[in-house]
Structures are given as structure tokens and as C-alpha cells.
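Dear colleague,

Please find below the structure that I am handing over to you. My findings follow it, arranged by topic.

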Amino acid sequence: MLLTTSTPPRLLDQMRATMLQRGLRPRTIDAYAAWVKRFILFHQKQHPRLLGVPEIRTFLTALSRESGVSPTTQNQARAALLFLYEEVLHCPLPELATLRAASVFCKPEYRPSSMPNACSDRQATTERGPCR
């Protein structure tokens, strides 16, 4: 009698399979897997099941402050982690769903001091002169 012990699929393989089942595009799958891998490596290879919102917040803050990623990129990393926790690990983190990485953690230079005023072509030429 031959006993075979099957090892459970690795976390990133599970995540890729889940994303394929959900019909996500290959580039999205690759990007999300890369963010999850970066998150795991950032926390010294701890399993994400042992990590929570404080560790996610630390990771997103480090992305902004140390790596200098844009708010949009930060939001992509947050979305990847949200997918991991909700769809793969089945550990929903409600705080993560409401966390807005771009507005909470982005660098001050990404935030405009004020919104520009829009004006018509006529106003632009009469007030500032014609464009050259």
C-alpha cells in the first residue's frame, strides 16, 4: 500500500487559482501576486493569516514614505491585500475595506494645495492673453 501525502497549495498559487476562477485578467493576477509577495517579504515572511490591519497599515505607509509610490499604486496594493484576505484566506477585515490608502498615507507633495479653477477659452484669452 502506497501512502501519498499531498501538500496543500502554496498561498500565491491559491491566490492565482482564485483569481483565475473569478475571471481576473492575467496582468491583474501578476500585479496582485507581486504585491502580496512584497507584503509577505516586508514582514519577514510571516504568513498573512498572522498579520492584521496594523501590519497592512505599516506596509502601506512604508510604500508611501520609503518607496515613494503614488497614491494610485498604493491603492492597487491595498486592493491586492483586500482580495487576499477576503477571497483567499476568508478572513474579512472590515477596517481594510474602508481604509483609503491614497488619502491617508500619501506624501504631501501628491496633494494639491487647491483645485485649479476652470475657465472658458474666451476668459483665458481676455485675462491672460492668447497662448503662444
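E55 counts as partly exposed, at 26% relative accessibility; the scale used here calls a residue buried under 20% relative accessible area, exposed over 50% and partly exposed in between, with a 1.4 Å probe and protein chains only. This is a predicted model, in which local features need pLDDT of at least 70 and side-chain atom pairs count only at pLDDT 80 or more, while totals for chains, interfaces and linings use all residues. Residues are numbered from 1 along each chain as its sequence is written, and side-chain values use heavy atoms, with hydrogens and water left out.

E55 is part of helix α3. Helices are DSSP runs of H or I with at least four residues, strands are runs of E with at least two, and numbering starts at the N terminus. Neighbours within four places in sequence aside, E55 makes contact with F39 and H43, where contact means heavy atoms within 4.5 Å. Between E55 and F39, which are 16 residues apart in sequence, the C-alpha distance is 9.1 Å.

H43 sits in the loop between α2 and α3. In contrast to the partly exposed E55, H43 is buried, with a relative accessible area of 8%. Residues up to four places away in sequence not counted, H43 touches L51, E55 and F59.

**Overall architecture**

The protein chain has seven helices and zero strands; its elements run α-α-α-α-α-α-α from the N terminus on. Of its 132 residues, 34% count as buried. Among contacts between residues at least 6 apart in sequence, 61% join residues at least 24 apart. The chain exposes about 9,400 Å², of which carbon and sulfur atoms supply 52%; these areas come from the Shrake-Rupley method with a 1.4 Å probe, and for residues only the protein chains shown count as cover.

**The nonpolar core**

The largest nonpolar core has 29 residues, and those with the most contacts inside it are M15, I56, F59, L84, Y85 and L96. Such a core is a set of buried Ala, Val, Leu, Ile, Met, Phe, Trp, Tyr and Cys residues joined through side-chain atoms within 4.5 Å. At least two residues of this core come from each of α1, α2, α3 (53–67) and α4 (71–88). The largest share is that of α4, with nine residues.

M15 touches Y32, A33, V36, A80, F83, L84 and V88, residues up to four places away in sequence not being counted. F59, listed among the core residues with the most contacts, is also one of the residues that H43 touches.

**The largest pocket**

About 240 Å³ of space lies in the largest pocket. A pocket is defined on a 1 Å grid over the protein atoms alone, as an open set of points where a 1.4 Å probe fits, with protein on both sides within 12 Å along at least five of seven lines; lining residues have an atom within 4 Å of a point. Its volume is the space filled by probe spheres set on the points, which are joined across faces, edges and corners.

The lining consists of R10, L11, L12, K37, I40, L41, K45, H47 and P48. Two or more of the lining residues are given by each of α1 (11–21) and α2 (26–42), and α2 gives the most, with three residues. By class, the lining has five nonpolar, one polar and three charged residues; Ala, Val, Leu, Ile, Met, Phe, Trp, Tyr, Cys and Pro count as nonpolar, Asp, Glu, Lys and Arg as charged, and the others, Gly among them, as polar.

**Backbone angles and further residues**

Most residues other than glycine have a negative phi. K45, which lines the largest pocket, has a positive phi of about 65 degrees although it is not a glycine. K45 lies in the loop between α2 and α3 and is exposed, with a relative accessible area of 67%. Q44, found in the loop between α2 and α3, has a positive phi near 50 degrees and is exposed at 62% relative accessibility.

Q76, in helix α4, is partly exposed at 33% relative accessibility. Its contacts, neighbours within four places in sequence aside, are A31, Y32 and W35. The C-alpha atoms of Q76 and Y32 are separated by 7.8 Å, although the two are 44 residues apart along the chain.

Yours sincerely
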